[in-house]
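Take a look at the model below. The text after it walks through selected parts of the fold.

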Amino acid sequence: MLGQCAKQKTKQQMSLDELTTKAEALMERNKNEDAISYLEEIMARFPDSPNIANYKMKLANLYTKEGDDKQAHELFEHYNQFYPSDARAEYAKYQALMAMHRQTLKTDCDQTETEATVQHCKEYLANSAYTAYRNEVASLQTECQNKDRKSTRLNSSHEWISRM
């Protein structure tokens with residue numbers, strides 16, 4: 001009798017429970033890139049899952065660990081907007097700010113991201129319900145404002161020199 005090898009399912013063939021189990025096992029082994037692909041599959045195929053908020057949070061945290069600040073920022077910001085009364089909403093807003101801050105450029109470059117980070121800091125600080133990261137966000141806001149001012153002075157100096 002010939003032994004039959006069990007054919008492995010593709011991600012597209014797996015159920016929500018199978019995808020979840022696989023993603024969690026990969027996260028436990030710090031195989032974050034692989035876990036990301038399973039969580040992305042869950043998000044794409046099961047957007048109405050009752051646990052979708054948990055999958056979004058896990059995915060955003062993995063993006064952060066892997067240094068994908070653009071994706072992390074987008075997902076944390078989305079989480080904060082769609083689940084504003086969730087206990088993790090403040091954490092999501094803070095993580096979105098940190099991801100945005102990591103995308104800011106040196107003072108001699110375009111400061112659009114820095115200016116956007118300042119605006120997000122103001123929004124965070126305007127929310128009286130947000131208290132856990134208030135000091136960190138206030139410091140981040142000051143740092144970004146100083147960076148923006150330094151960039152403005154540097155650009156003004158370059159303009160002045162170029163006119164000579």
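The paragraphs below treat a helix, its packing partner and a loop residue.

This is a predicted model: local features need pLDDT of at least 70, side-chain atom pairs count only at pLDDT 80 or more, and totals for chains, interfaces and linings use all residues. Residues are numbered from 1 along each chain as its sequence is written, and side-chain values use heavy atoms, with hydrogens and water left out.

Start with α4, a helix of 14 residues. Helices here are DSSP runs (H or I, at least four residues), numbered from the N terminus. From first C-alpha to last, α4 reaches 20 Å, close to the 20 Å expected at 1.5 Å a residue. Its buried residues (under 20% relative accessible area) include Leu75, Phe76 and Tyr79. The cover over the buried residues of α4 includes α2, α3 (52-65), α5 and α6 (112-126).

Now take one pair. Helix α4 (residues 69-82) packs against α5 (residues 89-102) at an angle of about 155 degrees, with the axes 8 Å apart. That makes the two roughly antiparallel, a term for angles over 145 degrees. Their contact (heavy atoms within 4.5 Å) involves, among others, Ala72, His73 and Phe76 of α4 and Tyr91, Ala92 and Met100 of α5. The contact residues divide into 9 nonpolar, 3 polar and 5 charged. Asp, Glu, Lys and Arg count as charged; Ala, Val, Leu, Ile, Met, Phe, Trp, Tyr, Cys and Pro as nonpolar; the others, Gly among them, as polar.

Finally, turn to the loop between α1 (16-28) and α2 (32-45), the place of Asn30. Asn30 is not a glycine, yet has a positive phi of about 55 degrees. Asn30 is exposed (over 50%), with a relative accessible area of 59%.

Notes
Axes are lines fitted to C-alpha atoms, for helices over the stretch in contact, and angles run from 0 to 180 degrees between N-to-C directions. Angles under 35 degrees count as roughly parallel, over 145 as roughly antiparallel, 65 to 115 as roughly perpendicular and the rest as oblique. Buried means under 20% relative accessible area, exposed over 50%, partly exposed in between (1.4 Å probe, protein chains only). The expected span of a helix is 1.5 Å times one less than its number of residues.
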